[in-house]
Structure formats: structure tokens, C-alpha cells
Amino acid sequence: MSVLKITDLHASIDTEAGTKEILRGVNLTIESGQIHAVMGPNGSGKSTLAYVIAGHPKYTVTSGSITLDGADVLAMSVDERARAGLFLAMQYPVEIPGVSVSNFLRTSATAIRGEAPKLRTWIGEVKEAMKDLQMDPTFAERNVNEGFSGGEKKRHEILQMSLLKPKFAVLDETDSGLDVDALKVVAEGVNAFRETSDAGTLLITHYTRILKYIKPDFVHVFVDGRIVESGGPELADVLEADGYERFTSASV
Amino acid sequence: MSLAEAPPRDHAPAVRSLNFQDFMDPSNREEEWKFTPLERISGLLEPIGSASGIGWASTSPYVSEVAIDDPRLHDSWTPTDRVGAVARGAVTKAILIDVPKDIVVDGSIVVDLKALAAVSYAHIEVVVGEFSSATVVIRHDVSADVVGNLVVQAGAESDVKVLSVLDGDATGRQLWQWHTIVGRNATSFGLSIALGGEVVRMVPSVEYSAPGGSAVMLGAFLADGSQYQEHRLFVDHAQPNCTSYVAYKGALAGGTAHTVWVGDVLVRRAATGIETYEMNRNLLLADGPRADSVPNLELETGDVVGAGHASTTGRFDDEQLFYLQSRGIPERVARQLVVRGFFADVLSKISDEGLRREILGRIEQRLGMESTSEVEDGGLDV
């Protein structure tokens, strides 16, 4: 079993107006097989949490720690974190012109697995994963994220997750910009991945909608750079009924 | 102004002559020499007595050396700038790549140029007859200065590909005019690779001698150190139902390198039903270099299928790097992927796989990237 442990994490970003603290003491422990939903209003810093876990250079961690099975994640480069077993499904995946999806996937898998996957089994593996996500085979020939619809981008993120098999996956608003059909496909992909891999999942979302399809074990309310309340799935129902108001007014 | 009177054309060459003295002394005040560091091409603007004709080598039976007045050479082509006229006036011989009609040449006709003196003058003509198809690769020699003209005649219904490869670590200056005449329904493809040379000035131009021709002009260039590279293109649409597509990609790696891309397209009144698009993209990999990019489209008729241009110069995108690294890909490999991706659409048009790999390898070597098997060369069919 693996453990991702975030302790008293503080992080800031440099803006033209000066340094701005966004994460203000995040504490969160995720174990293999668990699904944690982090829910919060716009601007609460929940996406920053995702980026800081992945190591985006734009953010500076000022104090606190992130460990993966005891190893210091903050000391690792972005690619080292991925190779250690962390994965971030991005809210806004970037285009990489001229780099095909198939080339990208194989280069990633080679880096994560430490050796190039055997061609024959690899092709079957990719085909199968694409079929599960209801992706057209011609998708592999397109350039990474170039001209993808919102739904295609998110499926492509989940496709990578299922091929790279991380120990922990952070899904940053993977549900945003999806219609109900696409949402179901993506949610099935996430569920199937957890069942087959026993990975831990950190699901960051603004809406409760995706929780109809992905059942979290824990729900955390994220306001003003920290978790202000944690509970079971029932906490999502409270948020669904009452919104974030109670928490945002309490935190001021 | 009456309707019959054409408006002034800003970008068509004002002078055509075999005599360099018919051209004004170049000055940065003139549009066509606006960017060129004239002090760095001093000595090449008038004939030099000690200069030599260019040497060459080829194993192809279609290549020969002929007198400059050989009737197979184009009889009416004349240089449109001063350096072209200097070279044309100085040469007594031409390298002729002559493919008669109704012949499909397998593989590439490769011509290796060899500079034989401090300054060499060159005249090369590619003549491909009706219904023929040929691919010609010109490998330049950048070890010394070369001033030359390359004239391509694509006969009716022919399919002609010409690849110009300027590569090497040496510091010669390379000034070329490269003119293509596209015949009826002919398909012309030109690819200009510029990696080496201290000062490179490539002036490719295209004209159509009959309707229905198609011209593709692609380029990939890389500059660093103190390199100056100028690509100044002119597409002259004077025939109906022709197409032109121009795409140049440049990477600026460091130092005080300066690249200039000027793409002039003139669509004359008679050129109805044409389609033209030109594009230049530059990737800045460091803070020192400078890229100028100037597309110009002049339309004298609105009766066209399409006409457009695009130009961008951008820095290496850190978000791309983050995305790739977040998938476990080390930074070195990620940078390589992005650069390969940047050049992919141009380099993928090189059908000779050996040449394509060689050029890609040279670009990566120049960028300090070791060749790696971690990155696939192209798409992998899934």
C-alpha cells in the first residue's frame, strides 16, 4: 500500500503586485485505493494544490511537505515525480504541435516504465485503452491536444492515466466542460482504473455532478487555501443543497 | 487612374538584368536590402577577378557541365538583384540537371557543390521535361563564399522536387537566387534547409508560365552564434488557376543570431482562380537572437479561391515542457520532442528517409541534443 501525505503545505505565486500566498496550510493523507474529493469555490486554491503536487515551476512552496511513501516529493523534479508514481490530469492540457499522440504516449510510457514497451503488446494495450474510453483509433495520429474538443482533451488525459498506471492520480476539474455522455465515459475510466490498479485518487472539482458517477470515500471542503471541513460522501450532499456559502462566510 | 492601369507593385522586382551595374548600390534604405548587414557581404557586390567557378560532383547521368550559352538553359531568365547579376555575369559554365520528357527518375539526383576558391560563382539549372518526374538534392559547400543562381524549369505536367541543403560548421557566405518556372499543370516543390554559413541570403522566386501550376516552397532554418540568415521569397501569380503554398520554420538557438523571412506574394489581375497561402513560424530558444518576419500579399484581383498568410515568432513554451515532464519525460527529451514537433510538418515532406534523419540529426546536434532512441522519429501506427 502507498501513502501520499501532504502536511501543513504553504505555497505562493509571484505576481506583478507581489508575492501572493495561495495554499495556507493544507493537510491531507491519501492511501491506495481511496478516492478523495476536494471541493471548493472558484479561487479557493484547489487547482493550485494540484499543480504544486505535480511541481509546476510557477508556484513556490514556502513551508510544509509532500511525501510519497516517505520520499520527499518536493525535492523531485516534475518528471521525477511522475516516475515516482504521481499523475496530474490537467484542466487545460496544452497543445504540442507536430508531436503525435502515439509518439507522446510511447515516449511517456518508456520514461515511466524505464524501458520502451514491446511494440506488439503496446499497440494492443493502447487500442484497448482507447476503446474503453470510446476514442476513435485515428485519434492516435493527431497531434497532442491540437484541435481537440473539451471532451477529447479529458479523455486523452484519462487515457494517459490508464496507460501510465500511477500510484496516485490527481484529477483537476476533469469534469468541467463535459457533457453528460462524456462525463460518464470519463467517470467509468476513472472507476475502472481504480478497480484494476488500486491507485489513490484526488478528485478536484467545483461541482457535485461528477460524484454521481464516481463515489468518493472522503470529501473535503477547500476554502481560502486550506481544507476547512472533511467528511464522508454525505458532505457532498450538504454542498449540493447549500453550496459553499456556509464555509466561505465561516472562513472570513 | 483608369481601370486599365495597374496599380504600382511594391514587391515585384523593379530591375532584371545580366549586368550588375544596372542595379543600384545596395543600401539599407531599399526594401530588398533593408535587413542585410551589407558590411558583412562586402566584396561580394561586384565581380572579383580571383573568383572561381563552382566545383561539383554527382553520380547521376542526368548531371553535366555545359557552357553558359547552351541552348538547353533558360534563354530569358535574368537575375533580379545585384549579387545574382554578379554571379551570372561571371560564370562561363553551368551545372545542368537535364531530365528529358516522359521520364520518371527513381531516387534522388544528388549534386555536391565544391567551393574551389575563396569566392566561387555558380549557375545551376534544373530542366525537367513534360510529364517527367525528378527529385534533385543540391548540397552546398559552406567552407567558402559562394554566389550563385539556381534556375528550375518544371515542364508541363511535370513533378519536380528540389532540395537545397546548406549545412556545415564553416563560416562561408552564401548568396543565392533560386528561380522556378512552373509549367502547365506542373507540380513544383522546393525545400530550403539552412543550418550552416555565416551569412546566408536565399532569394527564391516562383513564376508560372501557363495555367494550372502548383508550387510548394518550404524551409527549415536554424541560426545561432553570429549567423545571419535571410530568406526573401517572391511568388508571382500571373496565370489563372495556379496554387502556391509557402511554409518556413526557423529556430534561433542563441548568440546574436538574426534571421529574416520576407514572403512577397503578388496576384496579378490575370491570375484568377488561384489559391495562395504563406506562413513563417520562428521559435526563439534563447534571449539574444532576433527574428524578423514580414509577409506581404498584394492582390490585383479579388477573383481568387483563397489567399492568406500567417507569421508568428514565439519563445519556447514552458507549459509544453511542464506537460511533457509531468508524464515522466526528462527535460532533455521533452525539449527534443518540442523541437522535432516544431519542424515536423516541414521535414516530414522530405521523402528520402536517410536525408530526413540526417537533417533532423544535424538540427539536434546544433541544439546540443544528443541523438536518442527515446524519441520516436515519426508517428507510430496504433
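Which residues of helix 1 of chain A are buried? They are Lys46(A), Ser47(A), Thr48(A), Leu49(A), Ala50(A), Tyr51(A), Val52(A), Ile53(A) and Ala54(A). Buried means under 20% relative accessible area, with exposed over 50% and partly exposed in between (1.4 Å probe, protein chains only).

This is a predicted model, in which local features need pLDDT of at least 70, side-chain atom pairs count only at pLDDT 80 or more, and totals for chains, interfaces and linings use all residues; side-chain values use heavy atoms, without hydrogens and water. Residues are numbered from 1 along each chain as its sequence is written, while chains are lettered from A and ligands numbered from 1 in the order in which they are written.

**View 1. The whole of chain A.** Chain A has eight helices and twelve strands. Helices (H or I, at least four residues) and strands (E, at least two) are DSSP runs, numbered from the N terminus. The radius of gyration of chain A is 18 Å, which agrees with the value near 18 Å for a compact globule of 252 residues. That radius is taken over C-alpha atoms, and the globule rule is 2.2 Å times the number of residues to the power 0.38. Buried residues make up 56% of the 252 residues.

**View 2. Helix 1 of chain A and its end.** Nine of the nine residues of helix 1 are buried, so the helix is largely enclosed by the rest of the structure. Gly55(A) follows helix 1, and its phi is positive, near 100 degrees.

**View 3. The open sheet of chain A.** Four strands lie in the order 2-1-4-5, with antiparallel pairing. Strands pair if DSSP finds at least two bridges between them. Strand 2 (18–31) and strand 5 (71–72) stand at the edges with a single partner strand each, so one side of each has no neighbour in the sheet. Helix 1 (residues 46–54) packs on the sheet and touches strand 1 (3–15), strand 2 and strand 4. Contact means heavy atoms within 4.5 Å.

**View 4. Helix 5 beside helix 6 in chain A.** The axes of helix 5 (residues 150–164) and helix 6 (residues 180–197) come within 10 Å and cross at roughly 10 degrees. Axes are lines fitted to C-alpha atoms, for helices over the stretch in contact, and angles run from 0 to 180 degrees between N-to-C directions. The two helices are therefore roughly parallel to each other; angles under 35 degrees count as such, over 145 as roughly antiparallel, 65 to 115 as roughly perpendicular and the rest as oblique. Helix 5 contributes Lys154(A), Arg155(A), Ile158(A), Met161(A) and Ser162(A) to the contact.
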